[in-house]
Amino acid sequence: MASATIFSSLRRRRSPSLEAFLAPVDLSSEALLDTLCAVSRELVSLFLVNDRMVPFFQGKNSRSLIRKIQVFSVLLDSFCEVGLSRMPSRVFLCFKELYLVLYRSKILLDYVKGSSKLWLLLQNNSISGHFHDLNQEILTLLDVFPLSEIYLSQDVKEQVQLLKKQSRKSKLLIDKNDDLLRMKFYNFLNELENGKVPDQNELYSFFVEKLAIRDVKSIRFEIEFLEEQIVSCEGDIEPTASVLNGFVALTRYCRFLLFRVEDEEGELGKWRRKKTKKGLISQEIADTFITIPKDFCCPILLDLMRDPVIVSTGQTYDRVSISRWIEEGHGTCPKTGQMLVHTRLVPNRALRNLIVQWCLANGIPYDPPENMDSSSESYTAPSPSKAAMAATKATSDLLVEQLANGTAKAKTVAAREIRLLAKSGRENRACIAEAGAIPLLKMLLSSSDAFAQENSVTAMLNLSIYDKNKCRIMDIEGCLGSIVGVLRSGHTIEARENAAATLFSLSAVHDYKKRIAEEDGAIDALAGLLIEGTPRGKKDAVTALFNLSTHTENCVRMIESGAITALVGALGCEGVSEEGAGALALIVRQPVGAEAVGNEEMAVAGLIGMMRCGTPRGKENAVAALLELCRSGGEVATERVLKAPALAGLLQSLLFTGTKRARRKAASLARVFQRCEYASLHFGGMGVGYIFAGNSSSVRDTGFAGDVAVTISVPVL
């Protein structure tokens with residue numbers, strides 16, 4: 001018998017039941033017979049009696065298989081009439097094999113019934129082969145079935161013998177018309193590959209007349225199903241993921257070419273029922289209970305690596321974090337403490353490929369760094385083909401045309417489609433921006449339609465992930481102000497949150513941080529969102545404020561806008577306390593910032609609380625903030641920190657159990673106290689040697705934002 005692995009190449013939406021792979025061992029002969037009868041009747045009633053259940057493609061193979069199952073159903077009914085008491089033992093063994101055949105038939109028929117038309121077309125030869133393999137299994141079963149030793153009616157025996165004869169003559173059936181359609185689909189892709197957009201009449205004939213895809217709901221199902229196959233592929237998919245991307249792009253183009261943009265099923269608001277992944281990438285992972293493998297995290301930032309590189313000691317770090325470490329003058333490996341023989345960074349291609357595969361398997365957005373050297377490019381993620389790019393460009397032109405000249409409803413739909421198209425791939429984001437979408441999306445930011453505003457600001461967010469688009473957005477007069485306007489008074493909380501995330505994305509460029517901070521109401525609105533927003537809104541706001549705080553000239557603006565109070569309040573809020581402490585650690589480096597934080601009644605208590613109950617990174621940021629507060633805040637601030645209850649014990653704990661940087665900061669803070677008149681009161685029992693245990697160096701820490709550990713990744717919505 002052919003094993004159940006003949007279906008291993010099928011991409012299923014649901015895993016098959018265990019019965020498809022294991023023969024029953026605990027069923028009596030009567031119970032097994034009853035099960036077989038029930039399964040065979042179910043298949044016959046679903047697929048033979050109800051013509052609507054017959055798939056659009058593979059109809060001949062499906063009907064042929066069902067007719068064979070119908071004969072087995074008649075045979076099984078006969079056994080129910082005569083009983084099993086006098087039957088040879090081989091009959092029971094054949095029943096077990098029939099059990100497997102029926103369940104594998106059910107899997108194949110369900111798969112064909114539930115698949116999209118385009119996917120069945122692309123898999124035409126492969127699926128036809130699966131039907132043929134099942135026919136061979138049926139033939140093998142009939143060859144060993146002891147029909148002559150069983151007392152059954154002659155009519156039933158003749159039907160079984162006829163089935164055996166037909167199965168022996170049966171050959172692989174590949175419908176020629178279906179195969180011609182498949183070749184036509186590939187021809188469209190070849191035209192795009194050669195720089196030619198297929199003729200609209202031919203596309204209409206193919207999709208609408210030949211495939212009967214006659215509405216937006218149907219073509220959306222086709223697009224989503226193909227996208228699902230790309231995400232769920234395990235490297236053995238045929239056609240390849242790159243080719244499938246081309247077919248998805250072509251089908252998406254046809255959705256807007258052949259159907260009106262306004263032709264959406266139901267009301268526009270219904271798109272909101274499908275929950276999008278919210279928050280930062282790390283938050284997405286937490287929300288879905290997916291743990292990042294430890295080997296995929298950078299030892300410095302403890303976050304998912306985008307560009308892993310190997311240093312001379314053999315340790316792997318994310319390029320951005322280790323480069324900053326080296327630029328700050330460190331000559332040792334952060335993890336091992338060994339001296340770096342050289343500062344050359346070697347791309348860890350094998351690990352990067354594993355990270356990409358893991359992200360694809362778990363549905364986590366992953367974009368490689370924009371500035372990566374071409375010599376280090378070796379991603380397994382499918383890069384877009386020329387055909388996919390040509391189709392995406394044509395789609396972008398259609399959507400931008402609707403943004404410019406369409407009805408109000410068409411503009412809303414176009415903004416949503418641009419949002420979805422920009423969710424992945426820098427190439428998509430580049431195409432959309434080059435088509436002129438950003439100025440038109442900017443106009444929708446002030447729309448009175450809540451859906452239009454929310455989709456336009458989210459599209460702006462997704463587009464801003466591409467570095468070159470950041471410049472395009474900031475160069476458009478009034479665009480930054482419009483984004484801030486949504487943040488301040490957006491129609492929905494989602495729009496305000498996405499506006500905050502957009503500011504965070506834009507602030508990745510250092511020169512833009514000051515411009516954003518100086519925009520009227522920007523920091524005020526971020527502070528307000530941090531205080532009153534949803535958990536996700538607080539996360540978006542605090543990461544944006546953290547990024548803005550890395551620019552030294554923004555300190556005064558943040559104080560005047562009430563951001564200090566909001567950040568201090570965030571210290572007691574789970575999910576944003578790390579970033580809040582990190583931002584405060586940067587702000588207090590300046591005397592005016594230290595004074596403002598020192599004047600906050602709950603600042604020191606909040607930081608002490610984080611040292612006691614926070615995460616490792618939170619404790620690290622908290623002790624760094626207290627250290628900088630003492631250094632920059634003068635005697636009053638130092639005295640306030642020094643008098644904090646239980647600080648000595650917390651420092652002692654950090655010196656032994658904290659991260660490397662936390663130990664360094666704790667030791668530095670202990671040295672500050674040693675020089676104070678209160679040192680004997682709090683640290684007399686610890687000893688000078690213990691105070692210096694965390695770090696033997698007497699040089700003051702001079703790091704910048706790299707000394708503050710937070711997880712900051714741009715959300716894709």
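Predicted model: local features only at pLDDT ≥ 70, side-chain atom pairs only at ≥ 80, totals over all residues.

Reader: Okay. At what angle do α23 and α26 pack?
Author: About 25°, with the axes 9 Å apart; α23 covers residues 522-532 and α26 covers residues 563-570. Axes here are lines fitted to C-alpha atoms, for helices over the stretch in contact, and angles run from 0 to 180 degrees between N-to-C directions. Helices are DSSP runs (H or I, at least four residues), numbered from the N terminus.

Reader: What does that angle make them?
Author: It makes α23 roughly parallel to α26, a label for angles under 35 degrees.

Reader: And which residues make the contact?
Author: From α23 they are Ile523, Ala527, Leu530 and Ile531, and from α26 they are Ala563, Ala566, Leu567 and Ala570. Contact means heavy atoms within 4.5 Å. By class, that gives 8 nonpolar residues, no polar and no charged ones. Ala, Val, Leu, Ile, Met, Phe, Trp, Tyr, Cys and Pro count as nonpolar, Asp, Glu, Lys and Arg as charged, and the others, Gly among them, as polar.

Reader: Switching topic: how many residues of α32 are buried?
Author: 12 of its 15, so α32 is largely enclosed by the rest of the structure. Buried means under 20% relative accessible area (1.4 Å probe, protein chains only). Among the buried ones are Arg661, Arg664, Leu669 and Phe673.

Reader: How far does α32 reach?
Author: 21 Å from its first C-alpha to its last, close to the 21 Å expected at 1.5 Å a residue. The expected span is 1.5 Å times one less than the number of residues.

Reader: Where does Gln58 sit?
Author: In the loop between α1 (29-49) and α2 (59-82). Gln58 is buried, at 3% relative accessible area, and has a positive phi near 60° without being a glycine. Most residues other than glycine have a negative phi.

Reader: What about Ala212's phi?
Author: Positive too, about 55°, and Ala212 is in the loop between α8 (200-210) and α9 (216-232).

Reader: Last one: is Arg416 buried or exposed?
Author: Arg416 is buried, with a relative accessible area of 10%, and belongs to helix α15 (residues 408-421). Its C-alpha is 7.2 Å from that of Ala459, 43 residues apart along the chain.

Definitions and conventions
Residues numbered from 1 in each chain as written. Heavy atoms only, no water. Helix = DSSP H or I, 4+ residues; strand = E, 2+ residues; numbered from the N terminus. Parallel < 35°, antiparallel > 145°, perpendicular 65-115°, else oblique. Buried < 20%, exposed > 50% of the residue type's maximum accessible area, 1.4 Å probe, protein only.
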